[in-house]
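Subject: Structure handover

Hello,

Please find the structure below. My notes on what turned up in it follow.

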Amino acid sequence: MNAFTYHSGVLWAEELPLSEVTADVGTPVYVYSKRQLEANYAAFAEPFRDLAPDIFFANKVNPSLAVLQTLAACGAGAEVTSAGELERAIHAGVAPGCITFSGVGKRRDELTAAVLAGLAQITVESLEEMAMLSEVAAELGRPASIVVRLNPDVDAQTHAKLSTGHKETKFGIEEAHLDEAVHLARTLPGLVFKGLMVHVGSLLTDFSPFRVAYQRLADHVRRLQKAGLSVDRVDLGGGVGIPYDGQTMPPFSDYVDLVQEIIAPLGCKIAFEPGRRLVGDAGILVTRVVRVKRGATRTFVVLDAGMNDLMRPALYGARHTLMPVRLPPSTGAEESRATERVDVVGPVCETADLFGEAYELPSPRPGDLMAFLQAGAYGAGMASCYNGRPLVPEVLVDGSSYAVTRRRISVAEQMTWESMAR
Ligand code: LLP
């Protein structure tokens, strides 16, 4: 399904014209489709039904309580990376028994919170963390279920900043230390060894790195099983991409096939930690053209959304599809507009505040509404108030109605978080 479609030349979210949202909430604003979230969850879960996997939604990808709640109602658990995300997941209604906690820098107080909550799984990313977790769990007298994250030394063939599975990255435990890690996991007090985890990176649009990583993981599982160890759980992380602006990628069924081929025969409980795949195309960022600036060599379309609202282009050189909310009529010379090639920028005082060069748009005018697509993943969650800007609001559309699920946080309100020097 595609929740964001044109009707009589106007972009709608489900059964709601976007102009209705912007008339009430203003711009910039993130708009999510509840039905798209539900459809994306079903599209991920259904093909694996016979394996009955655990599906932990990676909360960092979109930490909106309303989004967490929607996915939890579909059956998703949560993958969290901090005590803060844990608190939010529980608040949104995710049971601690359906939560997994990953990250290389879990502090003692965060491990304590996780052990006390009785999480499904804590993903251990180093021998040093394992020692601390053992102390915490033993002191509390509460066993902690753990999986050991393997760093399989695989190049995920994605953006360098999104690659997590090769030796030079901080993530996971390299193969040379795996046996020691498993031994410690099985013998240190307070720990219950459940299995292995792997996550090689994000936004994979070619699945061959998954094949290599999963094969390495499967080889280790079989080796441990042969040695008489029980490996209950195999967590395959997240990372399956979505097509951004005009990209193509293999069908999801190719990913399903490789999991069925390589992982299913191990006979372990399978877990996934999808993020982008569930929410990426379920959200858009709606913004308004402030000004069209005709420079000496370029035309800049200056939007009221900036890099503080959607950081991905500035941080990773990402390119999101940009569509006018109202299409100019294709006929009738008076109103039709020629397409123009423009650079699309935000108002923030940084050259990095560039959404993309050479966007072909129907000659934009001040006041026009535009929408960045594929903005549901790593959009609002990474937004900031940089340059004295209000925190961008979020709206969840359900059919022909919507709810403001995060209001715009004004600068006046932000100042109440601070105090003056004495
Ligand atoms: N599990 C773990 C342990 C992770 O670190 C991540 C993402 C996921 C699951 C979910 O991955 P996904 O299915 O969404 O690819 N801000 C960047 C992406 C950072 C990825 C962080 N880890 C971006 O905007 O592209």
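First, a term: buried means under 20% relative accessible area, exposed means over 50%, and partly exposed lies in between (1.4 Å probe, protein chains only). By that rule, Arg298 is partly exposed at 36% relative accessibility.

Some ground rules. This is a predicted model, in which local features need pLDDT of at least 70 and side-chain atom pairs count only at pLDDT 80 or more, while totals for chains, interfaces and linings use all residues. Residues are numbered from 1 along each chain as its sequence is written, and side-chain values use heavy atoms, with hydrogens and water left out.

Domains

The protein chain splits into domain 1 (4-31 + 280-415) and domain 2 (34-279); these bounds come from an automatic or database domain assignment. Their centres, taken over C-alpha atoms, are 33 Å apart. Domain 1 brings 24 residues to the contact and domain 2 brings 25. Contact here means heavy atoms within 4.5 Å.

About 2,000 Å² is buried between domain 1 and domain 2, 52% of it on carbon and sulfur atoms. Buried area is the accessible area (1.4 Å probe) that two parts lose on being put together, summed over both. On the domain 1 side, Tyr316, Tyr378 and Leu396 lose the most area to domain 2, together 27% of what that side buries.

Four salt bridges are counted between the two domains. A salt bridge is a side-chain nitrogen of Lys or Arg within 4 Å of a carboxyl oxygen of Asp or Glu.

Salt bridges

The whole structure holds 26 salt bridges. One of them joins Arg211 and Glu261 at 3.1 Å, N to O. Arg211 sits in helix H8 and Glu261 in helix H9 (residues 252-262), so this pair ties together parts 50 residues apart in sequence. Helices (H or I, at least four residues) and strands (E, at least two) are DSSP runs, numbered from the N terminus. Arg211 is partly exposed at 31% relative accessibility, and Glu261 is partly exposed at 47%.

Back to Arg298. Its salt-bridge partner is Glu357, with the closest N and O atoms 2.8 Å apart. Glu357 is in strand S18 (residues 354-362), and Arg298 is in the loop between strand S14 (283-294) and S15, 59 residues apart. Glu357 is partly exposed too, with a relative accessible area of 41%.

Which residue forms a salt bridge with Asp309? Arg389 does, with the closest N and O atoms 2.7 Å apart. Arg389 lies in the loop between strand S19 (369-372) and S20, and Asp309 in the loop between S15 and H11, so the pair ties together parts 80 residues apart in sequence. Arg389 is buried at 15% relative accessibility. Asp309 is buried at 1%. Leaving out residues up to four places away in sequence, Asp309 touches several others, including Pro28, Tyr30, Leu285 and Val392.

His199

His199 lies in the loop between strand S11 (191-197) and helix H8 (208-226). Is His199 buried or exposed? At 18% relative accessibility, His199 counts as buried. Gly238 is 39 residues away along the chain, yet the two C-alpha atoms are separated by 6.2 Å. The His199 side chain reaches the backbone nitrogen of Gly238 at 3.0 Å.

Helix H3

In helix H3 (residues 65-74), Ala66, Val67, Leu68, Thr70 and Leu71 are buried.

Best wishes

Notes. Polar contact = N/O pair within 3.5 Å; in protein donor to acceptor, adjacent residues only side chain to side chain.
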